[in-house]
Amino acid sequence: MSLFLDLVDRVLSHEGGYVNDPNDPGGETKWGISKRSYPHLNIKGLTRQDAIAIYQRDFWQRVQGDKLPVPFVFQALDAAVNHGIGNAVRWMQRAAGVADDGVIGPVTLAAVARQEPADLVLLFNAERLEFYAKLKTFDNFGRGWTIRVAGNLRHAAQDN
């Protein structure tokens with residue numbers, strides 16, 4: 001749990017407070033939690049602690065954070081939050097050299113464990129950057145997204 005709490009602080013440093021930018025495909029968002037994904041929530045009233053509980057339940061557990069290599073797990077968590085679980089898992093699978101079916105099972109976990117963590121981080125973030133570059137909103141938001149990945153790479157250097 002301590003590792004999760006350290007890493008979620010990093011995620012929250014990217015996500016920040018309340019935003020409702022009509023040009024942002026995320027729509028109404030606070031702490032990175034979007035109304036589109038959580039239509040039943042009062043996004044404007046969402047507390048940091050509420051967001052952390054959602055991240056632990058809906059992101060950390062779903063990417064199986066406790067089973068991933070420590071030098072890599074932040075990358076998976078941050079991408080799951082920013083791009084959705086499915087994208088993050090498929091990028092993880094591609095980086096680990098297995099079929100990208102979007103399901104973390106024993107084959108994926110074994111392949112991830114066999115990879116050199118630094119290589120996994122680099123291959124994963126290459127997938128992420130290519131994804132960003134293909135988005136029609138890249139001209140508006142691409143600078144911030146690439147700065148986010150650059151920061152994540154700096155974290156990866158510390159996490160190794």
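This is a predicted model: local features need pLDDT of at least 70, side-chain atom pairs count only at pLDDT 80 or more; totals for chains, interfaces and linings use all residues.
Trainee: Okay, let's take helix 3. How many residues does helix 3 have, and how far does it reach?

Mentor: Helix 3 has 14 residues, and from its first C-alpha to its last it reaches 20 Å, which is close to the 20 Å expected at 1.5 Å a residue.

Trainee: And is helix 3 largely enclosed or largely exposed?

Mentor: Helix 3 is largely enclosed by the rest of the structure, because 12 of its 14 residues are buried. Among those buried residues are Phe72, Phe74, Gln75, Leu77, Asp78 and His83.

Trainee: What covers the buried residues of helix 3?

Mentor: The cover includes helix 1, helix 2, helix 4 (85-96), helix 6 and helix 7.

Trainee: Let's go through one of those. At what angle do helix 1 and helix 3 pack?

Mentor: Helix 1, which takes in residues 2-15, packs against helix 3, residues 70-83, at an angle of about 45°, and their axes are 10 Å apart. The two helices are therefore oblique to each other, and helix 1 passes helix 3 in a right-handed crossing.

Trainee: Which residues of helix 1 and helix 3 meet there?

Mentor: From helix 1 there are Leu3, Leu7, Val8, Arg10, Val11, His14 and Glu15, and these meet Val70, Val73, Phe74, Leu77, Asp78, Val81 and Asn82 of helix 3. Sorted by class, the residues of this contact are 9 nonpolar, 2 polar and 3 charged.

Trainee: How do helix 1 and helix 2 cross?

Mentor: Their axes come within 11 Å and cross at roughly 115°, and helix 1 and helix 2 are therefore roughly perpendicular to each other. Here too the crossing is described as right-handed, with helix 1 passing helix 2.

Trainee: Which residues make that contact between helix 1 and helix 2?

Mentor: Helix 1 brings Leu3, Phe4, Leu5, Leu7, Val8, Asp9, Val11, Leu12 and Glu15, while helix 2 brings Arg48, Ile52, Tyr55, Gln56 and Trp60. By class, this contact has 10 nonpolar, 1 polar and 3 charged residues.

Trainee: You mentioned Asn152. Is Asn152 buried or exposed?

Mentor: Asn152, which lies in helix 7, counts as buried because its relative accessibility is 0%.

Trainee: What does Asn152 touch?

Mentor: Leaving aside residues up to four places away in sequence, Asn152 touches His14, Phe74, Gln75, Asp78 and Arg128. Of these, His14 is in helix 1 and both Phe74 and Asp78 are in helix 3, while Arg128 belongs to helix 6.

Trainee: Now the loops. Where is Gln61 found?

Mentor: Gln61 is found in the loop between helix 2 (48-60) and helix 3, and at 46% relative accessibility it counts as partly exposed. Its C-alpha atom is separated by 9.5 Å from that of Leu77, 16 residues apart along the chain.

Trainee: What about Gln64, what is its phi?

Mentor: Gln64, in the loop between helix 2 and helix 3, has a positive phi of about 55° although it is not a glycine. Most residues other than glycine have a negative phi.

Trainee: And what is phi of Trp31?

Mentor: Trp31 has a phi near 55°, again positive in a residue other than glycine, and Trp31 is found in the loop between strand 1 (29-30) and strand 2.

Notes:
Residues are numbered from 1 along each chain as its sequence is written. Side-chain values use heavy atoms; hydrogens and water are left out. Axes are lines fitted to C-alpha atoms, for helices over the stretch in contact, and angles run from 0 to 180 degrees between N-to-C directions. Helices (H or I, at least four residues) and strands (E, at least two) are DSSP runs, numbered from the N terminus. Angles under 35 degrees count as roughly parallel, over 145 as roughly antiparallel, 65 to 115 as roughly perpendicular and the rest as oblique. A crossing is left-handed if the near helix is turned anticlockwise from the far one by less than a right angle, and right-handed if clockwise. Contact means heavy atoms within 4.5 Å. Ala, Val, Leu, Ile, Met, Phe, Trp, Tyr, Cys and Pro count as nonpolar, Asp, Glu, Lys and Arg as charged, and the others, Gly among them, as polar. Buried means under 20% relative accessible area, exposed over 50%, partly exposed in between (1.4 Å probe, protein chains only). The expected span of a helix is 1.5 Å times one less than its number of residues.
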